[in-house]
Amino acid sequence: MRILVTGSSGFVGQYLRDHLKSAEQIPVSLQHTAIENISFERIHAIVHLAGIAHRMQGAPEDLYFKINCDQTCALAMAAKKNGVKQFIFLSTAKIFGEQSNQSFTLASIPNPNDDYSRSKYLAEQKLLALATEDFKIAIIRPPVIYGPNVKGNIQSLVELIKKNILLPFKGIDNRRSVLFVGNLTAFVEKILEKNSQGVFLVADDKPISTTQLVEWMQQEYSNKSRLIQIPSFLKMLIKIFLTKHYVRLFSNFEMDTKDSFAALDFKSPFTTREGITHSNFFVK
């Protein structure tokens with residue numbers, strides 16, 4: 001099987017490139033190659049990873065929609081026209097919002113609340129409208145993805161742990177789904193193997209608290225837990241003045257993946273603890 005992969009220079013794409021062995025991968029950079037110049041000859045499927053990721057500081061609204069939606073749909077239409085059989089789109093679980101006291105399922109109503117998630121959700125809707133028996137659309141909604149060479153908030157946490165200082169993450173009793181990039185790669189491989197279509201939720205098997213995540217990462221660095229509990233008044237100030245950070249640190253974001261896993265007869269090859277170890281966060 002020959003598959004075309006976009007976004008192969010990103011950390012997810014790099015891992016996929018190195019570990020997905022069941023198909024011949026053809027990397028394409030949409031930054032350097034116009035869609036009309038892409039050769040789809042003998043391409044069975046496309047794994048579309050390229051896009052503008054969520055940024056805490058934001059990005060221009062039109063850029064999110066241009067890259068995450070318009071470019072995605074243009075690629076899919078070109079693929080369909082040229083006889084590609086399957087299009088796999090990496091969307092985001094953020095289309096459900098930022099937090100919930102109940103697990104998100106495939107039946108949960110989307111509630112995208114920023115340009116990033118809205119652009120991804122609009123792309124989903126337009127892609128599903130293109131689906132036929134001869135052009136199958138598979139949409140993956142992952143939570144925060146971690147692994148080797150990860151960027152963003154996880155990388156910021158890695159840098160904090162490297163300072164070997166006391167960190168105010170003790171006693172945070174929340175439940176947040178995360179996803180090791182190795183589990184995501186195995187999930188993509190399963191979709192390709194079964195030539196599946198539809199919307200799928202994927203995450204590590206069990207949600208994790210912020211405290212447990214930081215403790216396990218610290219253990220990978222020095223085998224010591226250096227956590228203190230944040231004072232209540234400071235926690236309240238964070239909630240008021242740094243709401244987005246508060247939500248990511250203290251709220252619940254749990255996904256129920258059992259229907260998606262059952263549909264593919266999928267089992268995660270890695271636990272979260274194993275995923276953190278395999279991420280090599282602290283290896284130079």
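This briefing walks through the overall fold, the aromatic pairs and a few individual residues of the structure above. The model is a predicted one. The protein contains 10 helices and 8 strands, and 50% of its 284 residues count as buried. Its radius of gyration is 19 Å, which agrees with the value near 19 Å that a compact globule of 284 residues would have.

**Overall shape and surface**

- Along the principal axes, the C-alpha trace of the protein spans about 60 × 35 × 35 Å.
- If you are curious about contact order, take the contacts between residues at least 6 apart in sequence: 81% of them join residues at least 24 apart.
- The accessible surface of the protein amounts to about 14300 Å², and carbon and sulfur atoms account for 51% of that area.

**Aromatic pairs**

- The structure holds 14 aromatic pairs, and two of them are described here.
- Tyr 15 and Phe 180 make an edge-to-face pair, with 5.9 Å from centre to centre and 75° between the planes.
- This pair links distant parts of the chain, since Tyr 15 sits in helix α1 (residues 11-19) and Phe 180 in strand β7 (residues 178-180), 165 residues apart.
- Both partners, Tyr 15 and Phe 180, are buried.
- Tyr 246 and Phe 250 make a tilted pair, with their centres 4.8 Å apart and an angle of 35° between the planes.

**Helix α1 and its cover**

- Helix α1 has Phe 11, Val 12, Gly 13, Tyr 15 and Leu 16 as its buried residues.
- Among the elements that cover these buried residues are the strands β1 (2-6), β2 (24-28), β3 (45-48), β6 (144-146) and β7.
- Helix α5 (181-194) is also part of that cover.

**Ile 3 in strand β1**

- Ile 3 lies in strand β1, one of the elements covering the buried residues of α1.
- With a relative accessible area of 0%, Ile 3 is buried, because the cut-off for that label is under 20%.
- Leaving out residues up to four places away in sequence, Ile 3 touches Leu 20, Ala 23, Glu 24, Gln 25, Ile 26, Ile 43, Ala 45, Val 47 and Leu 192.
- Ile 3 and Gln 86 are 83 residues apart in sequence, while their C-alpha atoms are 9.3 Å apart in space.

**Thr 211 in helix α6**

- Thr 211 is found in helix α6 (residues 210-221).
- Is Thr 211 buried or exposed? Its relative accessibility is 10%, so Thr 211 counts as buried under the 20% cut-off.
- Beyond its neighbours within four places in sequence, Thr 211 is in contact with Phe 169, Lys 170, Gly 171, Ile 172 and Leu 227.

Methods: Residues are numbered from 1 along each chain as its sequence is written. This is a predicted model: local features need pLDDT of at least 70, side-chain atom pairs count only at pLDDT 80 or more; totals for chains, interfaces and linings use all residues. Side-chain values use heavy atoms; hydrogens and water are left out. Helices (H or I, at least four residues) and strands (E, at least two) are DSSP runs, numbered from the N terminus. The radius of gyration is taken over C-alpha atoms; the globule rule is 2.2 Å times the number of residues to the power 0.38. Buried means under 20% relative accessible area, exposed over 50%, partly exposed in between (1.4 Å probe, protein chains only). Contact means heavy atoms within 4.5 Å. Accessible areas come from the Shrake-Rupley method with a 1.4 Å probe; for residues, only the protein chains shown count as cover. Rings of Phe, Tyr and Trp (its six-membered ring) pair if their centres lie within 6.5 Å; planes under 30 degrees apart count as stacked, over 60 as edge-to-face and the rest as tilted.
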